Amino acid sequence: MADTLPPRFHSYHPADGHRLPHDPFNAIIGPRPIGWISSRDAEGGNVNLAPYSFFNAFNYTPPIIGFSSQGRKDSLRNIEATGEFVWNLATFDLAQAMNESCRAVAPEVDEFVMAGLTPLASEQVAPPRVAQSPVSMECRCTQIVRLRDAAGNDTNGWLVLGEVVAVHIDTRLLVDGIYDTAASDTILRGGGPADYFRITADQRFRMLRPA
């Protein structure tokens with residue numbers, strides 16, 4: 001009987017291919033917060049805005065966030081040159097604009113204009129914030145690390161880390177002084193070619209750490 005059951009696991013070695021219609025890696029490690037990163041070039045004339053699905057927080061004190069660039073894209077080159085960037089929260093009402101800003105365009109193309117967004121001057125860094133975003137974090141780059149594989153070979157990925165030096169939160173998201181994640185209607189990147197998810201209040205549950 002046991003011999004007739006289908007195998008429980010689909011197992012594969014990534015180096016040999018996944019044998020599926022779409023690589024499941026992004027779907028398994030997900031949904032993931034979106035690194036909607038604004039930056040400015042060294043001359044100050046060109047502004048870039050781009051979403052990165054490999055993004056997260058990495059340290060509490062001081063606060064450090066980071067994203068991974070697959071390839072040497074405009075955001076990476078700008079941050080290498082200036083040491084500054086801004087993270088902007090991607091929400092459901094900004095989903096189409098966020099998606100528009102991921103187009104592959106020349107460095108001189110302003111994604112703010114392309115996506116119909118308004119730049120808002122930052123306080124501590126040169127790159128602007130997205131005015132329509134309810135939360136932004138101004139950052140100074142602390143490290144840029146080229147990722148390596150297990151054999152020590154360089155990959156085409158770069159991890160960009162930055163210390164948060166200013167935070168801007170729409171006051172409607174502060175309930176009795178506590179940030180309400182669900183009220184932001186944050187969107188997250190899922191798997192496959194097009195999947196996203198929303199954070200809503202009906203998905204929330206609470207669980208305190210054991211004493």
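**Rings, pockets and core**

Tutor: Rings of Phe, Tyr and Trp (its six-membered ring) pair if their centres lie within 6.5 Å; planes under 30 degrees apart count as stacked, over 60 as edge-to-face and the rest as tilted. One of the pairs is that of Phe25 and Phe54, which is edge-to-face at 6.4 Å centre to centre with 85° between the planes. This is a predicted model, in which local features need pLDDT of at least 70 and side-chain atom pairs count only at pLDDT 80 or more, while totals for chains, interfaces and linings use all residues. Residues are numbered from 1 along each chain as its sequence is written, and side-chain values use heavy atoms, with hydrogens and water left out.

Student: Which parts does the pair of Phe25 and Phe54 tie together?

Tutor: Helices (H or I, at least four residues) and strands (E, at least two) are DSSP runs, numbered from the N terminus. Phe25 belongs to helix α1 (residues 25-28) and Phe54 to the loop between β3 (47-52) and β4 (55-59), so the pair joins parts 29 residues apart in sequence. Buried means under 20% relative accessible area, exposed over 50%, and partly exposed in between (1.4 Å probe, protein chains only). Phe25, at 45%, is partly exposed, and Phe54, at 28%, is partly exposed.

Student: How are the rings of Phe67 and Phe85 arranged?

Tutor: Their centres are 5.9 Å apart and their planes are at 80°, so Phe67 and Phe85 form an edge-to-face pair. Phe67 lies in strand β5 (residues 64-70) and Phe85 in strand β6 (residues 84-88), so this pair ties together parts that are 18 residues apart in sequence. Phe67 is buried at 1% relative accessible area, and Phe85 is buried at 0%. Ring pairs also link Tyr52, Phe67 and Phe85 into a cluster.

Student: Where do charged ends sit over rings?

Tutor: The criterion is NZ of Lys or CZ of Arg within 6 Å of the ring centre and within 35 degrees of the ring normal. The charged end of Arg189 sits over the ring of Tyr196, 4.8 Å from its centre; that of Arg198 sits over the ring of Phe92, 3.5 Å from its centre.

Student: How much space lies in the largest pocket, and which residues are closest to its centre?

Tutor: On a 1 Å grid over the protein atoms alone, a pocket is an open set of points where a 1.4 Å probe fits, with protein on both sides within 12 Å along at least five of seven lines; lining residues have an atom within 4 Å of a point. The largest pocket holds about 670 Å³ of space. Its lining has 30 residues, of which Pro51, Tyr52, Ser53, Lys73 and Cys102 are the closest to its centre. Strand β3 gives the most to this lining, with five residues.

Student: What residues touch the most other members of the largest nonpolar core?

Tutor: In soluble globular proteins, nonpolar side chains tend to be buried together. A nonpolar core is a set of buried Ala, Val, Leu, Ile, Met, Phe, Trp, Tyr and Cys residues joined through side-chain atoms within 4.5 Å. Here the largest core has 17 residues, and Ile37, Ile65, Phe67, Ile79, Phe85, Trp87 and Val160 touch the most other members. The largest share of this core comes from β10, with three residues.

Notes. Grid points are joined across faces, edges and corners, and a volume is the space filled by probe spheres set on the points.
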